Amino acid sequence: MDWLAVSPPVLILLFGVAVFAGFIDSIAGGGGLITLPALLAVGLSPAQTLGTNKIQSVGGSFSASLYFIRQRAVDLGGQKLTIAMTFLGSMTGAILIQHLQAGLLRQILPLLVIGIGLYFLLMPRIGEEDRQRRLSAWPFALVAGCGVGFYDGFFGPGAGSFYALAYVTLSGFNLAKATAHAKVLNFTSNLGGLILFMLAGKVVWSVGFVMLAGQIFGARLGARMVLTKGQKLIRPMIVAVSFLMSLKLLYDSHGADIMLWLTSHW
């Protein structure tokens with residue numbers, strides 16, 4: 001697909017999609033489930049969709065990360081190991097996705113995402129304040145950094161929620177602090193994946209740069225609300241986004257079967 005293959009009106013529409021996705025993603029994650037279908041809908045191949053989605057995701061996660069760092073909500077010095085392992089994991093995942101099918105992961109992912117929503121819904125006090133850390137630096141870097149980073153490079157949607165959950169449950173961070181640190185790891189894994197997709201020639205730059213601008217704007221708005229509204233905003237957003245993501249993923253995988261069942265019983 002060349003630079004002129006997507007018309008200006010479509011680019012304007014994708015810019016608006018990216019603004020909304022960046023806003024949602026910086027608060028609760030899940031922006032990829034907004035942008036990926038949009039990119040597929042305008043005619044990009046699956047590989048181009050994943051690659052182009054990475055460049056605009058890098059913009060949104062960088063914008064949010066920079067805001068959190070400037071507001072001293074993130075301790076970069078204490079995250080160096082986790083950041084390095086996240087980068088390594090994401091590049092490994094991006095290599096594999098270009099040679100394997102992600103069908104099995106699509107089947108499992110709705111259950112994982114809805115589990116996150118239920119966790120925050122049924123444990124209303126979790127993340128209200130910092131708690132005792134459960135994993136030391138190396139185990140956390142392997143689980144949250146390399147593990148979730150691999151998933152983000154391989155597939156991606158919901159990675160921000162997985163990072164935040166890891167910080168809350170394994171590092172004992174409060175929810176606002178976890179969200180801020182999660183965005184730094186999200187930027188790292190997006191960057192690692194982007195490099196591999198660029199080398200493979202799977203990025204449509206015209207679309208990517210337009211959506212990059214939209215993501216930067218939307219993510220900055222969302223990041224500001226994280227620090228001003230805190231847990232009152234983040235918790236219901238994570239729960240809502242998790243359930244919506246699960247429904248979307250289930251429909252993508254089993255939509256035809258669901259519609260057939262409904263038509264046969266009504």
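Is K54 buried or exposed? In this predicted model, where residues are numbered from 1 along each chain as its sequence is written, K54 counts as buried, at 5% relative accessibility (buried means under 20% relative accessible area, exposed over 50% and partly exposed in between, with a 1.4 Å probe and protein chains only). Local features need pLDDT of at least 70 and side-chain atom pairs pLDDT 80 or more, while totals for chains, interfaces and linings use all residues; side-chain values use heavy atoms, without hydrogens and water.

K54 has a partner in D152, with the closest N and O atoms of this salt bridge 3.2 Å apart (a side-chain nitrogen of Lys or Arg within 4 Å of a carboxyl oxygen of Asp or Glu). D152 lies in helix α6 (residues 137-154) and K54 in helix α3 (residues 46-70), so the bridge ties together parts 98 residues apart in sequence (helices are DSSP runs of H or I, at least four residues, numbered from the N terminus). D152 is buried too, with a relative accessible area of 2%.

The count comes to 2 salt bridges. K183 and D25 also meet in one, at 3.1 Å from N to O. This pair links helix α8 (residues 175-199) with helix α1 (residues 8-28), 158 residues apart.

Of the 21 residues lining the largest cavity, D25, G32, N53, S57 and N190 are the closest to its centre. Helix α3 supplies the largest share of this lining, 6 residues.

Conventions: Helices (H or I, at least four residues) and strands (E, at least two) are DSSP runs, numbered from the N terminus. On a 1 Å grid over the protein atoms alone, a cavity is a set of points where a 1.4 Å probe fits but cannot get out, and a pocket is an open set with protein on both sides within 12 Å along at least five of seven lines; lining residues have an atom within 4 Å of a point.
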